[in-house]
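I opened the model to look up a few helices, strands and charged pairs. My entries follow, in the order I made them.

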Amino acid sequence: MNYSKRAWLLFVLSVFILQSKAQLIDENATPETKNLYANLQKLQSKNLVIFGHQDDLAYGVGWKYVAGRSDIKDVTGEYPGLYGWDLAGLERDADVNLDSVPFDKMKQYIKEGYDRGGVISLTWHLDNPFTGKSAWDPVKGSVKAILPGGEKHALYIDWLNKVANFMSALKGKDGKAIPILFRPFHELTGSWFWWGKDLCSPEEFKQLWKFTVDHLKNKRKLHNLIYVYNTSDFANADAFMERYPGDDYADVLSFDSYQYTNPETDSSFVKNLDRQLGLLEMLSKEHHKISALAETGYEAIPYAEWWSNVLWKAMSGHQLSYVLLWRNAGIRPNTKVPHYYVPYKGQVSEQDFVKLYKLDRMIFGKKAKKSKLYRYPH
């Protein structure tokens, strides 16, 4: 055997060994949650990626609350493999979340997604408990105020319990607790949210994260959660890990990244995404975690070949468990600006998206169901 072939085999073996060590931080996780995590790990090791979409079943471009409808299904004939939802509003006892999705409908959509074999991801744009304003109220001292001993600590516990009540009530038609990819305090390296980098110290953030996980896992006995650590853009590995709470407090390493420039004249997004995915892949192997691109997209997708010449071009050389595209809200009534991130029927990038959908490595609804993600992997 020549040196190059031997080196390649050793590399493949080392990746397998590292990936095989990935374990959930919750030793008491439900069988379905353990199986989902193991299957996500297995798919990632095989270079397969689950495709997700935020608010997919609730609305799309030009429609809202139509039973069984999905913009992705309209274009491809099937649903995504992963469904993203947001819990913001539960803390205020609101009937709808920040995107006006009624929580009773959201529960039903989550159950539908799980029952058809899909994966569920939950984010929480919680209000600022220190000021009473929205998540986008970046006031210093907000995190410190809700830590143990802080003046708003009791209020944060109350809010956290409301979210726990919602998640504990999520059960499929099989009667089992639905496993959830829970992504709190997302985009933590940015400073547009009150928990962001410039608003608290790394130690304060770590303390908040650990308290949140310990409360949900140990106090509320929620054993159907997979905890997703999530940053925004990051310059290097140190920046990504600066606020990392430790291997005992996170199951998935991820980041969010969006296209803002014109990809036909500016290739910086592709290059940066490729670089960051490489760093993420390295860190996930070092820390024995699975990895994900937890949010991405290009608003209104004006470039017809964005899926093949941008997103897949950056992703294809890396191992990821899933990628989630942001929501399809249509035309915003107040600004008249189109706000959607996957194509609908007739949209300029529709055919290119179908090419992505047909790739063997991409997993949408039917492949997700066939993969039996909640059963023990064989």
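**Entry 1: Lys-217 and the ground rules**

I looked up Lys-217 and found its place in helix α7. I am working with a predicted model, in which local features need pLDDT of at least 70, side-chain atom pairs count only at pLDDT 80 or more, and totals for chains, interfaces and linings use all residues. I number residues from 1 along each chain as its sequence is written, and side-chain values use heavy atoms, with hydrogens and water left out. Helices (H or I, at least four residues) and strands (E, at least two) are DSSP runs, numbered from the N terminus.

I take buried as under 20% relative accessible area, exposed as over 50%, and partly exposed as in between, with a 1.4 Å probe and protein chains only. A salt bridge here is a side-chain nitrogen of Lys or Arg within 4 Å of a carboxyl oxygen of Asp or Glu.

I then listed contacts, meaning heavy atoms within 4.5 Å. Leaving out residues up to four places away in sequence, Lys-217 touches Ile-25, Asp-26, Leu-222, His-223 and Tyr-227.

**Entry 2**

I went on to β7, residues 225-231, and found 7 of its 7 residues buried. Leu-225, Tyr-227, Tyr-229 and Thr-231 point one way, and Ile-226, Val-228 and Asn-230 point the other way. In a regular strand the side chains alternate between the two faces of the sheet.

Which strands pair with β7? I count a pair if DSSP finds at least two bridges between two strands. Strand β6 (residues 180-183) pairs with β7 in the parallel sense over 3 bridges, and Ile-180 stands opposite Leu-225.

**Entry 2: helix α6 and His-153**

I looked up His-153 and placed it in helix α6, residues 153-168. His-153 has a relative accessible area of 13%, so I logged it as buried. Not counting residues up to four places away in sequence, His-153 touches Ala-145, Ile-146, Leu-147, Pro-148 and Phe-211.

Helix α6 has 16 residues and reaches 22 Å from its first C-alpha to its last, close to the 22 Å expected at 1.5 Å a residue. The expected span is 1.5 Å times one less than the number of residues. Among the buried residues of α6 are Tyr-156, Trp-159, Leu-160 and Val-163. The cover over its buried residues includes α4, β5, α5, β6, α7 and β7.

**Entry 3: salt bridges**

How many salt bridges does a search of the whole structure find? The search finds 12.

Lys-176 and Glu-32 meet at 3.1 Å, N to O. Lys-176 is in the loop between α6 and β6 and Glu-32 in helix α2, 144 residues apart. Lys-176 is partly exposed at 38% relative accessible area, whereas Glu-32 is buried at 12%.

Arg-327 bridges to Asp-99, with the closest N and O atoms 3.5 Å apart. Arg-327 sits in the loop between β10 and β11, Asp-99 in the loop between β4 and α4, 228 residues apart. Both Arg-327 and Asp-99 are buried.

Arg-183 and Glu-295 meet at 2.8 Å, N to O. Arg-183 lies in β6 and Glu-295 in β9 (residues 290-298), so this pair ties together parts 112 residues apart in sequence. Arg-183 is buried at 2% relative accessible area, and Glu-295 is buried at 3%. I also noted that salt bridges with shared partners join Asp-93, Asp-158 and Lys-162 into one network.
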